[in-house]
Amino acid sequence: MRLGVLDVGSNTVHLLVVDAHPGACPQPAHSHKTELRLAQLLDGAGAIGPEGVDKLVAVVQDALQAAEDKGVEEVLPFATSAVREATNADEVLARVQAETGVELRVLTGEEEARLTFLAARRWFGWSAGKLLVLDIGGGSLEIAYGIDEEPDAAVSLPLGAGRLTAGWLPGDPPDAEAVRALRRHARAEIARTVGEFSRFGPPDHVVATSKTFKQLARIAGAARSAEGVYVQRELKRESLEAWVPRLAGMTEAQRGELPGVSEGRASQLLAGALVAEGAMDLFGIETLEICPWALREGVILRRLDHLPTD
């Protein structure tokens, strides 16, 4: 069957269309992406304002039209931290459903971590052993660890690259003291969770998903996306530590000129790098591998698991 997963994230609204059936690898057929930056459309009270809701409704309608055009049989719609944490989330969800017919499922942070872990487990297989999975989104950082398809530990922290950029890094380039303050904040948040994972012992394999990690790996020398999903891509902590001060001294425009960095994500790259560096340091990670699959694939795989096989 042809499935569409509609991901209303903190940065983008992304429709991923795949051809899939139980027991097979989902094959991407189409991608429809709109940069909305919902996390930056919150007002002082933490609500998504009328203009933001109008934009969201319009983007969801466009995505539904794209899904119809591509022959999608079923759309799996969900929303993550930007909608989850909006003070008017219920009103936003009701408006989206009333005007588009889409009932967005709001994932908890732990559900995000668990579904992303499932995707990574299926991608790397059982031979990867105990997996530690990191995912930096626009609004949150997810961490999950385990040896099965369900992680033994899964947490979500308010350390998304978009959220932190908006709240901690004014200026272009940002002030050095602001960068140090964010570094302290991110590491303190991550440090509180380390004990929850360390009791399970060291992982056999560490992987990372998300656009942030992919871009950091690319500027550190990983293969271009054009070389395909099956090329192994790694990010070494040593390389990341060398890049962080360089990114801190760059303007947004200069970051946007780096290999693999999109113009829309350039502003968030420094905050993402500080979180990634802190996580790798505090968890004792020297090298991690980039996983092509993430939350959207996890949602698709979970849906396929519940389809009849005959």
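## Close-ups of a predicted model

**View 1. Helix α5 and the elements it packs against.** The buried residues of α5 pack against β6 (131-136), α6 (176-198), α7 (211-219) and α10 (269-282). Contact here means heavy atoms within 4.5 Å. The helix itself covers residues 161-168, and its buried members are Ala-161, Gly-162, Leu-164 and Thr-165. Buried is under 20% relative accessible area, exposed is over 50%, and partly exposed is in between (1.4 Å probe, protein chains only). Helices (H or I, at least four residues) and strands (E, at least two) are DSSP runs, numbered from the N terminus.

**View 2. The cis peptide bond at Asp-172 and Pro-173.** Look for an omega of about 0° at the bond joining Asp-172 and Pro-173, which is cis. Pro-173 sits in the loop between α5 and α6.

**View 3. Arg-37, with a positive phi.** Arg-37 isn't a glycine, yet its phi is near 55°. You'll find Arg-37 in the loop that runs between β3 (27-35) and α1 (50-69). Its relative accessibility is 18%, so Arg-37 counts as buried.

**View 4. Ser-210, with a positive phi.** Here phi is near 100°, again a positive value in a residue other than glycine. Ser-210 belongs to the loop between β9 (205-209) and α7. Ser-210 counts as buried because its relative accessibility is 11%.

**Notes for all views.** This is a predicted model, where local features need pLDDT of at least 70 and side-chain atom pairs count only at pLDDT 80 or more, while totals for chains, interfaces and linings use all residues. Residues are numbered from 1 along each chain as its sequence is written, and side-chain values use heavy atoms, leaving out hydrogens and water.
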